[in-house]
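Colleague: Please take a close look at one part of this model, the contacts between charged side chains. Then set that part against the rest, for someone who has not seen the structure before.

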Amino acid sequence: MRRSREAKPLADLVSKAMTPVCRKRGFASVDIVASWADIVGERYGTRVQPDRLVWPRQPELRDPETVPQPATLVVHTDGATALMLSHDSGQVIERINTFYGWAAIGRIKILQKPVQVKRVAPRKTLRELTQSEEKKLDDSLQGFENERLREALKKLGAQVIAKNTDEAA
């Protein structure tokens, strides 16, 4: 049997190793743990850590069409952040449920424990666009009537152009 010598993405290897651990903690996969900072935002991404999901007991004979009862997400954080999180828990639950695509989380249980705050590396600043790149981008966005949409697309386009030409250089 021949073994493939292609390099495998590290995320695939880590995911395979972490999924059994996450399942023991009630998470179906490593996705929510890996994407935690993106899901809950900058305020809670580094100061709150998801610990486990506690699913309510389901009756043995239940209709397959019935949506399961939402789980309780157990998180841990420090005292000051716990106070803020308890105030914003509705918004955080909404963000998590949006990530899952259904009402998976019904409430958040906060445990106060010391949390090692992860330092996020500062984002690399992108270069300014040249006048020709700026004009080309403006020309490509002429068909959009909605001003807010055009500005958002212009900002995104400028970042893509700057990043792609930086990597090509």
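Modeller: Glu-147 is partly exposed, with a relative accessibility of 43%. This is a predicted model, so every value here is computed from predicted atoms. The side chain of Glu-147 meets that of Arg-150 in a salt bridge, at 2.4 Å from N to O. Both residues belong to helix 7, and because they are 3 residues apart there, about one helical turn separates them. Arg-150 is also partly exposed, at 21% relative accessibility.

One link in it is the salt bridge between Lys-154 and Asp-138, whose closest N and O atoms are 3.1 Å apart. Lys-154 lies in helix 7 (residues 147–168) and Asp-138 in helix 6 (residues 131–140), so this pair ties together parts 16 residues apart in sequence. Lys-154 is partly exposed at 22% relative accessibility, and Asp-138 is partly exposed at 27%.

Another salt bridge is formed by Arg-127 and Glu-133, with 2.9 Å between the closest N and O atoms. Arg-127 has 29% relative accessibility and counts as partly exposed. Glu-133, in contrast, is buried, because its relative accessible area is 17% and the limit for buried is under 20%. A search of the whole structure gives 8 salt bridges.

Now the nonpolar side. In general, nonpolar side chains in soluble globular proteins tend to be buried together. The largest nonpolar core here has 17 residues, and those touching the most other members are Trp-36, Leu-73, Val-75, Val-92, Ile-96 and Ile-105. Helix 3 (36–40), strand 2 (71–77), helix 5 (79–100) and strand 3 (105–112) each supply at least two residues of this core. Helix 5 provides the largest share, 4 residues.

The volume of the largest cavity is about 40 Å³. Its lining consists of Trp-36, Val-40, Tyr-44, Val-48, Leu-73, Val-75, Leu-85, Val-92, Ile-96 and Ile-108. Helix 3, strand 2 and helix 5 are the elements that give two or more residues to that lining, and helix 5 gives the most, with 3 residues. The lining of the largest cavity divides into 10 nonpolar residues, with no polar and no charged ones. Among its lining residues are Trp-36, Leu-73, Val-75, Val-92 and Ile-96, which are also among the core members that touch the most others.

The aromatic rings remain. The count comes to 2 aromatic pairs. In one, the rings of Trp-55 and Trp-102 have centres 6.2 Å apart and planes at 15 degrees, so the pair is stacked. Trp-55 sits in the loop between strand 1 (49–54) and strand 2, and Trp-102 in the loop between helix 5 and strand 3, so the pair ties together parts 47 residues apart in sequence. Trp-55 is partly exposed, with a relative accessible area of 36%, and Trp-102 is partly exposed at 33%. In the other pair, the rings of Phe-99 and Tyr-100 have centres 5.8 Å apart and planes at 65 degrees, so the pair is edge-to-face. Phe-99 is partly exposed at 36% relative accessibility, and Tyr-100 is partly exposed at 26%.

Technical notes:
Residues numbered from 1 in each chain as written. Predicted model: local features only at pLDDT ≥ 70, side-chain atom pairs only at ≥ 80, totals over all residues. Heavy atoms only, no water. Core = buried A, V, L, I, M, F, W, Y, C linked by side-chain atoms within 4.5 Å. Buried < 20%, exposed > 50% of the residue type's maximum accessible area, 1.4 Å probe, protein only. Salt bridge = Lys/Arg side-chain N within 4 Å of Asp/Glu carboxyl O. 1 Å grid on protein atoms, 1.4 Å probe; cavity = no way out; pocket = protein on both sides within 12 Å on 5 of 7 lines; lining within 4 Å. Points joined across faces, edges and corners; volume = space filled by probe spheres on them. Nonpolar A, V, L, I, M, F, W, Y, C, P; charged D, E, K, R; others polar. Phe/Tyr/Trp six-rings, centres within 6.5 Å; stacked < 30°, edge-to-face > 60°.
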